[in-house]
Amino acid sequence: MKNSAINYEAIDLSSPQEIETYAHTLPGMTFQEVLDLGIVPEGVSRSYDNKKYKGRMGTLIEERFFGYKANSNQEADFNKAGVELKVTCYDVKKNGEISAGERLVLTMIPFNRPIEDSFYDSHAWEKSQKILLIYYERNKNIATYDQQIKYACLFTPPTEDLKIIEDDYKTITSYIKAGKAEELSESLTSYLGACTKGASEATMWVEQYYPPHTKAKKRAFCFKRQYMDYVLHHYVMGQATKAERIVNSVEDLETVTFEDFVLTKINQYVGKTDKELCQLLGLKYTGNKAQWSQITYSILGIKGDKAEEFEKANVSVRTVRIEENGKIRESLSLNTIKFEDLIKEDWENAWLHNYFEETRFLFVSFQKTKDGYVLRGAKFWAMPQSDIEGSLKSCWSETINTIKNGVEFDVVQQGKKTIVYNNLPGQSDNPVAHVRPHTSMRYYELKDGKIIGENPSYGDVLPNGEVMTKQSFWLNNNYIYSIVSTE
């Protein structure tokens, strides 16, 4: 068995280098092989196989590899070395692509006392300045102990990320100090997030320290999942990045935030038409849908459509075209719904909830005029918690209930054209979101035996056995306009 001769007692736990060198013997081992090493701290007899125990794999490595009993002390795990141990996972998708499986929780946000003003005086920095990252491949088809450890290395956020992380900390703490922690979400920040922490809806609410002392969900400082995905690929696995940086020098952010830096770059061109911008930026004018996105990235100095900071921060760049009448023609499309998966979701773990909890948007709007589309402005935006927990949740709930109870269809023949109406939430039913197909192609198999459409791949099976055209959640175009009209 690999590593059977490890002498963990000889490791100097005050030395980050020795800790990392020792950890380098982990890759290739399963958690069962770690247990088989026979390292057991005095008084430890626990099982690590309880799925309800979120940090069980980290505790296993602490106790059964490094030989010390896990505790809930505020100091770093290896306090003499200033090293925090974090065991986390990645998933392998069907196409073979590797993706970080989760955000990296650093420490709880205190709601029972004042919070530190400076990031560098905070417990969040103490827990993040030197992390021993242990990555294992999560495979839900095999037993917990059979999961294999793949990577182990020390990680410190690079200099180019620290100013953005510091600004994220200021954003989070500004909400807390204003007594508005209930309005926090991960989508408000770039790399450092404020994620919810609680076993259930009933236990996750606590009274805030700061007035007006209303209740807010328990939250923890974390590195966001998208940031950890970038860390995994480019700092742990050593892959070269295809993304380009918007900020080329740390000095560029000395007096401004990253968001202000981006908005200043874009807003210097406000008032220019898309054709003028193409000429200024050396782009060929095509007038197709991708044109306005290409203009946005080019303004930011990005040749393609991959900006490193946006990838790390999970920023979705969306260009919005406002018509001459002041309205937006198109709603904002989201992922296609899989009916079988949707009806099994609970709200806290629903894709729709997590997407808006974690995703930040950069809206860049263009106004149609007789001379073309004129750049109107740009705005970073995150969906407010009141909308996430209000109208968005209502649309999700109504969609699930309608699918479970059986979607009602009304087939109307208009000449040679067959139109199929349904009772899923429409745009007039909800101020934020609605449900409709993502494509003009359709396919139905109804309970009366009627088949509409020719290609079954455009349909999805409902719980009652009927098939309807695949559906998607959409943000309403008037809701999008209410966002961009306040730029």
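# Reading the labels on a predicted model

Guide: Let's begin with Thr296, which lies in helix α9. Keep in mind that the model is predicted.

Visitor: Why is Thr296 called buried?

Guide: Buried means under 20% relative accessible area. Thr296 has 2% relative accessibility, so Thr296 counts as buried.

Visitor: And which residues is Thr296 in contact with, leaving aside its neighbours within four places in sequence?

Guide: Those are Ile266, Val317, Thr319, Val364 and Phe366. Contact here means heavy atoms within 4.5 Å. Thr319 turns up again in the second largest pocket, as one of the lining residues that lie nearest its centre. Lys289, Arg321, Glu330 and Ser331 are the others named there, out of 21 lining residues.

Visitor: What makes up the rest of the picture for the second largest pocket: which elements supply at least two residues of its lining?

Guide: Helix α9 (290-299) does, and so do β10 (315-322) and β11. The largest share is from β10, with five residues. By class, you get 10 nonpolar, six charged and five polar residues. The space in this pocket comes to about 530 Å³.

Visitor: What makes a space a cavity rather than a pocket?

Guide: In a cavity the 1.4 Å probe fits but cannot get out, whereas a pocket is an open set. The structure holds one cavity of 30 Å³ or more. About 40 Å³ of space lies in the largest cavity.

Visitor: Which residues line the largest cavity?

Guide: Among them are Thr107, Met108, Ser122, His123 and Ala124, along with Tyr169 and Phe221. Two elements give two or more residues to that lining, β3 (104-108) and α4 (123-128). The lining divides into six nonpolar, three polar and two charged residues.

Visitor: Now for the strands. How do you know that β16 and β21 pair?

Guide: Two strands pair if DSSP finds at least two bridges between them. Strand β21 (residues 471-475) and β16 have five bridges, so they count as paired, in the antiparallel sense. One example is Arg436, whose bridge partner in β21 is Ser472. Helix α13 (residues 385-405) packs on the sheet there, touching β16 and β21, and its direction makes about 40 degrees with that of β16.

Visitor: What is the order of the strands in that open sheet?

Guide: The order is β11-β21-β16, three strands with antiparallel pairing.

Visitor: What makes β11 and β16 edge strands?

Guide: Each of them, β11 (332-336) and β16 (433-437), pairs on one side only. From one strand to the next, the twist averages 35 degrees.

Visitor: How do you know that β14 and β15 pair?

Guide: At least two bridges are needed, and six join strand β14 (residues 409-414) to strand β15 (residues 417-422), so the two are paired; they run antiparallel. Asp410, for instance, has Tyr421 in β15 as its bridge partner. The hairpin has two residues between the strands, and Gly415 takes a positive phi near 65 degrees.

Visitor: Asn422 is in strand β15. Why is Asn422 called partly exposed?

Guide: Partly exposed sits between the two cut-offs, under 20% for buried and over 50% for exposed. Asn422 has a relative accessible area of 28%, so Asn422 is partly exposed. Not counting residues up to four places away in sequence, Asn422 touches Val407, Glu408, Phe409, Met468 and Gln471.

Visitor: And where does Ile302 stand relative to Asn422?

Guide: Their C-alpha atoms are separated by 43 Å, and the two residues are 120 residues apart along the chain.

Key
Residues are numbered from 1 along each chain as its sequence is written. This is a predicted model: local features need pLDDT of at least 70, side-chain atom pairs count only at pLDDT 80 or more; totals for chains, interfaces and linings use all residues. Side-chain values use heavy atoms; hydrogens and water are left out. On a 1 Å grid over the protein atoms alone, a cavity is a set of points where a 1.4 Å probe fits but cannot get out, and a pocket is an open set with protein on both sides within 12 Å along at least five of seven lines; lining residues have an atom within 4 Å of a point. Grid points are joined across faces, edges and corners, and a volume is the space filled by probe spheres set on the points. Helices (H or I, at least four residues) and strands (E, at least two) are DSSP runs, numbered from the N terminus. Ala, Val, Leu, Ile, Met, Phe, Trp, Tyr, Cys and Pro count as nonpolar, Asp, Glu, Lys and Arg as charged, and the others, Gly among them, as polar. Axes are lines fitted to C-alpha atoms, for helices over the stretch in contact, and angles run from 0 to 180 degrees between N-to-C directions. Buried means under 20% relative accessible area, exposed over 50%, partly exposed in between (1.4 Å probe, protein chains only).
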